[in-house]
Amino acid sequence: MKTSLGPLQYCWEKEKVNAFYKQAAQSNIPLIYLGETVCSRRRQLKFSDYFALAQMLRESGKNVVLSTLALLEAPSEYNELKKHVDNGEFMIEANDMGAVQAAKERNLPFVCGPTVNNYNFATLKKLHQWGMQRFVMPVELSKEWLTSVIETEQPIPFEVEVFGHGYLPLAHSARCFTARQQGLQKDDCQIVCLSHSKGLLAQTMDDQPLLRLNGIQTQSASLIDLSNEVEQMKLMGVDYFRVSPNSLQSIEIAEHILQQPSSDKTQSCNGYWHQTAGFNQVACS
């Protein structure tokens, strides 16, 4: 099993994004995803910028995948999607069925991201027939589900990736909750996401962490950490353990997480993996 670095889910300044990927280029992480997956209004980096970063990462020896939006809302966003699909050099991570269809029409290989609803082997097999080379398991599914999928057919005809560390993408909406919290309309959001580099924490009336608002995306308040499950994943046949970045420190975590499981579980969760409520922290057996 190898480590992958998922796409940035947050809105950062261009200089910070460039610094992040320059550091990632010097790391030992073999597989790196990059691209805007949440909101098309985040225009700090354009497609040409991501493409240049992808070329830089490839020159440093990385396997690079260009990630696409999880929610397409306008024809202009589909036109932008086609730039990703037609880039001519890199595979895409399809995060919605529009991207799957675009890749299928062009007979191009793709990765199926965690926001595409893959809930049975028949669906995965059909996606593989359309060009899927690897799928990232939806974050709300469990190790029991993944085991049953992997054991359905041996050898399994596509690679498997698990979202193993980071804040979980739970839902996407046409509304921007971050802008609404600031009293702004989505069409005039002033890119307030820039002020929340790890999203905006939402708490209950009892001050208990509940969710994390990231523009139109809703995330988990707690960070999922499946580092204690690495050895089991290896036995299951998982190909990649994904670290979803939220800071420069995420690169260091991704470099060492397969050999050094995290010790601090106080602000983490792993409930979905153990087929229980997602915010639970279940002790590793």
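By class, the lining of the largest cavity comprises five nonpolar, seven polar and two charged residues (Ala, Val, Leu, Ile, Met, Phe, Trp, Tyr, Cys and Pro count as nonpolar, Asp, Glu, Lys and Arg as charged, and the others, Gly among them, as polar). The model is predicted, with local features needing pLDDT of at least 70 and side-chain atom pairs pLDDT 80 or more, while totals for chains, interfaces and linings use all residues. Numbering runs from 1 along each chain, and side-chain values use heavy atoms, without hydrogens and water.

Begin by selecting Pro-7, Gln-9, Thr-37, Pro-114 and Pro-169, which lie nearest the centre of the largest cavity among its 14 lining residues (a cavity is a set of points on a 1 Å grid where a 1.4 Å probe fits but cannot get out; lining residues have an atom within 4 Å of a point). Its volume is about 130 Å³ (the space filled by probe spheres set on the points). Strand S7, residues 159-172, gives the most to this lining, with three residues (strands are DSSP runs of at least two residues, helices of at least four).

Next, select Leu-8, Tyr-10, Cys-11, Trp-12 and Val-17, which are among the residues lining the second largest cavity. This cavity holds about 100 Å³ of space, and its lining has seven nonpolar, two polar and two charged residues.

Finally, display helix H3 (residues 75-85) and helix H4 (residues 97-105), which pack at about 50° with axes 10 Å apart (axes are lines fitted to C-alpha atoms over the stretch in contact, and angles run from 0 to 180 degrees between N-to-C directions). Tyr-78, Leu-81 and Val-85 of H3 meet Gly-98, Ala-99, Ala-102, Ala-103 and Glu-105 of H4 (contact means heavy atoms within 4.5 Å). These residues divide into six nonpolar, one polar and one charged.

Notes
1 Å grid on protein atoms, 1.4 Å probe; cavity = no way out; pocket = protein on both sides within 12 Å on 5 of 7 lines; lining within 4 Å.
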